[in-house]
Amino acid sequence: SARDDTFTIRTYGEARDKNGEVIATAWCEAVVRRTRDYLDPADDAGISTLPMHGQNQDFGRRLRMVSFRWLSNAEI
């Protein structure tokens, strides 16, 4: 049976000027939970092992952002 899974995602981005020099950087962290429920409740996650409806076939289970935060250089 399907279950909830939690993922921690960290990412980095930078802005460059017209000469390609880095002028700003940022790091962030998001905690995302994939629930057992399908995006479209037309498919019952407790019964269906394979989604039957289009949105569920394309995107699968529902995702929820549990937390988001900006990180400092010291946390990397």
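Predicted model: local features only at pLDDT ≥ 70, side-chain atom pairs only at ≥ 80, totals over all residues.
1. Two strands are said to pair if DSSP finds at least two bridges between them, where strands (E, at least two residues) are DSSP runs numbered from the N terminus, as are helices (H or I, at least four residues). By this rule nine bridges join β2 to β3, and these two strands run antiparallel.

2. Residues are numbered from 1 along each chain as its sequence is written, and side-chain values use heavy atoms, with hydrogens and water left out.

3. The sheet is open and is formed by three strands in the order β1-β2-β3, with antiparallel pairing. Its edge strands are β1 and β3 (61-71), each of which pairs on one side only. On average, neighbouring strands of this sheet are turned by 25° against each other, direction ignored; the axes behind such an angle are lines fitted to C-alpha atoms, for helices over the stretch in contact, and angles run from 0 to 180 degrees between N-to-C directions.

4. Between β1 and β2, which run antiparallel, there are twelve bridges. The two strands form a hairpin with five residues between them, and Gly20 in the turn has a positive phi of about 85°.

5. Glu29, in strand β2, deserves a separate look. Its relative accessibility is 12%, so it counts as buried (buried means under 20% relative accessible area, exposed over 50%, and partly exposed in between, with a 1.4 Å probe and protein chains only). The side chains of Glu29 and Arg10 make a polar contact of 2.8 Å, that is, a pair of N or O atoms within 3.5 Å, of which, within protein, one must be able to donate a hydrogen and the other to accept it, residues adjacent in sequence counting only if both atoms are side-chain atoms. Not counting residues up to four places away in sequence, Glu29 touches several residues, including Thr8, Ser67 and Leu71, where contact means heavy atoms within 4.5 Å.

6. Asp5 lies in strand β1 and is buried, with a relative accessible area of 15%. A polar contact of 2.2 Å joins its side chain to that of Arg34. Beyond residues up to four places away in sequence, Asp5 touches Val32, Arg33 and Arg34.

7. Rings of Phe, Tyr and Trp (its six-membered ring) pair if their centres lie within 6.5 Å, with planes under 30 degrees apart counted as stacked, over 60 as edge-to-face and the rest as tilted; the count comes to two aromatic pairs. Tyr12 and Trp27 have ring centres 5.4 Å apart and planes at 45°, so this pair is tilted. It links Tyr12 in strand β1 (residues 5-16) with Trp27 in strand β2 (residues 22-38), 15 residues apart. Tyr12 is partly exposed, at 43% relative accessibility. Phe68 and Trp70 form an edge-to-face pair, 5.3 Å centre to centre with 90° between the planes; Phe68 is partly exposed at 41%, whereas Trp70 is exposed at 60%.

8. Finally, Tyr38 has Arg61 in β3 as its bridge partner. Arg61 also lies over the face of Tyr38, at 4.1 Å from the ring centre; a charge sits over a ring if NZ of Lys or CZ of Arg is within 6 Å of the ring centre and within 35 degrees of the ring normal.
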